[in-house]
Protein chains: 2
Amino acid sequence: MTLMKTNRRLVLARRPDSLPDASTFRRDDGAIPEPREGEFLVRNVFLPVDPGMRPVLSDVRIGADEFEPLALGALVGYLTVGQVVQSRDPAFAPGDWVTDILFWQDYAVTTALTARKFDPQELSPTTWLGILGVPGLSAWTGLITLAAPQPKETLVVTSAAGAVGSLAGQIGRNLGCRVVGVAGGAAKCRFVKDELGFDEVIDYRSVTDIGAAVRHACPQGVDILFDNVGNAMVDAMLPVMRRGGRITLCGQIADYHLPPAARPGIKNTNRFITHRLSMRGLFVYDHAAQFPQALGQMTQWMREKKLILSETIVPGFDQLPAAFARLFTGETMGRTIVRIDGD
Amino acid sequence: MTLMKTNRRLVLARRPDSLPDASTFRRDDGAIPEPREGEFLVRNVFLPVDPGMRPVLSDVRIGADEFEPLALGALVGYLTVGQVVQSRDPAFAPGDWVTDILFWQDYAVTTALTARKFDPQELSPTTWLGILGVPGLSAWTGLITLAAPQPKETLVVTSAAGAVGSLAGQIGRNLGCRVVGVAGGAAKCRFVKDELGFDEVIDYRSVTDIGAAVRHACPQGVDILFDNVGNAMVDAMLPVMRRGGRITLCGQIADYHLPPAARPGIKNTNRFITHRLSMRGLFVYDHAAQFPQALGQMTQWMREKKLILSETIVPGFDQLPAAFARLFTGETMGRTIVRIDGD
């Protein structure tokens, strides 16, 4: 393969005050790196945009030992899928497909330590950024490891048309739960019910009282809340939680852009005591020991057509900032992935 | 023993708008009941006042399947200690001491099914309303069952001079934790540090930023928060919680008197995700299977003088309403028990 002349790179230009926009990132192109002995050079092909990147773009440390925010000028992005183009490791040959943490750039040098080779004939390359990537692993561990769903329990999933939410709901359904999704807009709701097979879906844009709508959809109450939205959603759902209910906090897409003091608060916490609730935050990499089991089960479900993920492939490296921004305006469904090798 | 002529009883007269006061309860005396075959009559001697009774005095159901509030006119109170005065069960003789759920009244008929006989020579009768009663069992299960403390972990206990808080802190200390208490006022703080042996104590009345004060007292962060206060306290502590931290919600004395919409909210929930926190509500009777173990361990600690509870004994049945009201104004320390057999 012919290499391009420069390595396009996107870095953090300006911390977003609220929603990310065109000024958030800037190009900071560089030379294409050279692999040394034991290393190989990967050309990225697929770069996902992920709402989970939003918090580190801001500097909103609420505690002294909080995560460091991303530095201004630092390379952004995270997991990618690409192809080896030059190799000084005999186990990796040009043309091999790999997934690795190679960020939003064309080229990166890496090693067998972090790169995972896969067969593109077996599963489509983007599967490693979706069902078998962070969204799938977050859905699986956030639901199964943290909330231990039992057959016939009622599971409510917010951002149900999103990458993680759509998978969490399907996993719950596969395990025998009754699954109710919350999504915004008729198109997403149709998708959640008709394509993903959720039992019910609530269009939060069409109701004035989301708590009452969930109560109506779940007359027996809610055993598990898998939340991707934030405090206001959790607070509205608390009065509907059943005794012994579990809440997984997976993401807070509605709150990321607000400074902590401006975020809505969870007030209905007396429900924790009266109904013996528990709430846990998910940090997916804590559960790496369970990834093999999760990947095996999700691969099997994919083969049986019991686990699908809506994907939008956007062509063009320069589309990355706009594709990322659209995650926060409710326009996207499932996983958005930017394909950069056709530019 | 000579019976009194009437059975004094206190019932709910008026739901408190905010703090309970003299108008909350009224006397509704009745006849002294007669035991039938297999039953016995108990004369109550010690009646505790407990902040846990506050929620059911209001009608603030936040969900459709919420606890029923206490009916207007219903007998109030809960666990008591008393002596058998008439018996038609050969296993219980007049003079025997028992603890049972017999409410705020002089006399009640009960059976061996719920009454627990104890030897007053072995442990003082009020022990069954304190260390070996609901406060002790709440402290033990809320800390050990829900939060699994490990030696050298840092435990923060709020309402540290209260019945449950003072016990939770001592239990944590006995298990090898570093224990920091939060209490209001110099006298309580001295008691918590000097008498109860907490490692540190914070007077929340003397600091403007409770979160900063806890950070200062816990430079390594907090592994376990045992909260008896409510949402504002939990929110202030969240930024100080360490990775993998556990929060037990045991009581919410600052929030009980506010309608849910007026309560402070917990905003800093992103800490759950970044630091993999978990939060659980305690309902002590869920953990009855562990009561024998808890009672055994706490009895042993009492014998070794490693578990003490400050008790205030107030004489006079008619003092019950005022003693209850004082729980919510920060005036009390440890357990308040009203003694009614000297009237």
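This is a predicted model: local features need pLDDT of at least 70, side-chain atom pairs count only at pLDDT 80 or more; totals for chains, interfaces and linings use all residues.
Residues are numbered from 1 along each chain as written, and chains are lettered from A in the order written. Local features need pLDDT of at least 70 and side-chain atom pairs count only at pLDDT 80 or more, while totals for chains, interfaces and linings use all residues; side-chain values use heavy atoms, without hydrogens or water.

Select strand β4, residues 79-87 of chain A. Helices (H or I, at least four residues) and strands (E, at least two) are DSSP runs numbered from the N terminus. Of the 9 residues in β4(A), 7 are buried, so the strand is largely enclosed by the rest of the structure. Buried means under 20% relative accessible area, exposed over 50%, and partly exposed in between, with a 1.4 Å probe and protein chains only.

Two strands pair if DSSP finds at least two bridges between them. Here A:V42 stands opposite A:V84.

Next, show strand β5 (residues 97-101), antiparallel to β4(A) over 5 bridges. A:G82 has A:V98 as its bridge partner in β5(A).

Move to A:F103, in the loop between β5 and β6 (107-110) of chain A. Its phi is near 65°, a positive value in a residue other than glycine. A:F103 counts as partly exposed, at 26% relative accessibility.

Finish at A:K305, in the loop between α8 and β14 (311-315) of chain A. Phi of A:K305 is also positive, near 60°. At 69% relative accessibility, A:K305 counts as exposed.
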